[in-house]
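Welcome! Here is a short tour for anyone meeting this structure for the first time. Please take a look at the sequence and the model, then read on.

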Amino acid sequence: MILAATYPVAAIFMTNKRFNRTIKNFFIAHYSLAERTRVQTVTMDMNAAYQTIIHEVFPKAQVVIDRFHIIQLAARALDQVRVQALKQLRWIQFAVVAGQRLLF
């Protein structure tokens with residue numbers, strides 16, 4: 001879902017289509033280049049495909065990744081590290097137990 005808003009916040013455009021063409025055509029058809037050039041910030045998820053059209057449609061806008069997706073990415077990375085550490089710890093514990101068996 002794509003949602004565009006103005007300040008003060010009011011929804012101006014919403015679609016369930018995520019095609020770059022749909023999004024780009026909407027903003028080009030409804031806003032002049034002068035209006036689009038005044039856009040300073042665009043907040044979005046981490047879809048790299050959107051970043052290409054953002055710079056075409058809003059030439060001076062700075063792209064900001066929304067907080068939810070940054071935290072989600074960090075949490076996933078932390079989970080991967082945690083799982084790898086647990087696997088290594090289990091292997092070390094197994095090796096210690098196996099080594100103790102050899103001593104007796």
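In what order do the elements of the protein chain run from the N terminus on? The order is β-β-α-α-β-α-β-α, and the secondary structure comes to four helices and four strands. Please keep in mind that this is a predicted model.

**The chain as a whole**

- The protein chain has 104 residues, of which 16% count as buried.
- Take the contacts between residues at least 6 apart in sequence: 23% of them join residues at least 24 apart.

- Strand β3 covers residues 41-44 and strand β4 covers residues 62-65; the two run parallel and are joined by four bridges.
- For one of the residue pairings, look at valine 42, whose bridge partner in β4 is valine 63.
- Helix α3, residues 48-57, belongs with these strands: β3, α3 and β4 together make a right-handed β-α-β unit.

- Helix α1 spans residues 20-30, and its buried residues are Ile23, Phe26 and Phe27.
- These three sit on the same side of α1, because the arc they cover around the axis is only 85 degrees.

**Aromatic rings**

- How many aromatic pairs are there? The count comes to four.
- One of them brings together phenylalanine 26 and tyrosine 31: their ring centres are 6.5 Å apart and their planes meet at 65 degrees, so this pair is edge-to-face.
- The cut-off behind that label is an angle of over 60 degrees between the planes.
- Is phenylalanine 26 buried or exposed? Its relative accessibility is 13%, so phenylalanine 26 counts as buried.
- Tyrosine 31, its ring partner, has a relative accessible area of 26% and is partly exposed.
- Ring pairs also build a cluster, linking Phe26, Phe27, Tyr31 and Phe58.

Terms used
Residues numbered from 1 in each chain as written. Predicted model: local features only at pLDDT ≥ 70, side-chain atom pairs only at ≥ 80, totals over all residues. Heavy atoms only, no water. Phe/Tyr/Trp six-rings, centres within 6.5 Å; stacked < 30°, edge-to-face > 60°. Buried < 20%, exposed > 50% of the residue type's maximum accessible area, 1.4 Å probe, protein only. Arc of directions from axis to C-beta. Pairing = 2+ DSSP bridges. Right-handed = clockwise from strand over helix to strand, strands pointing away. Contact = heavy atoms within 4.5 Å.
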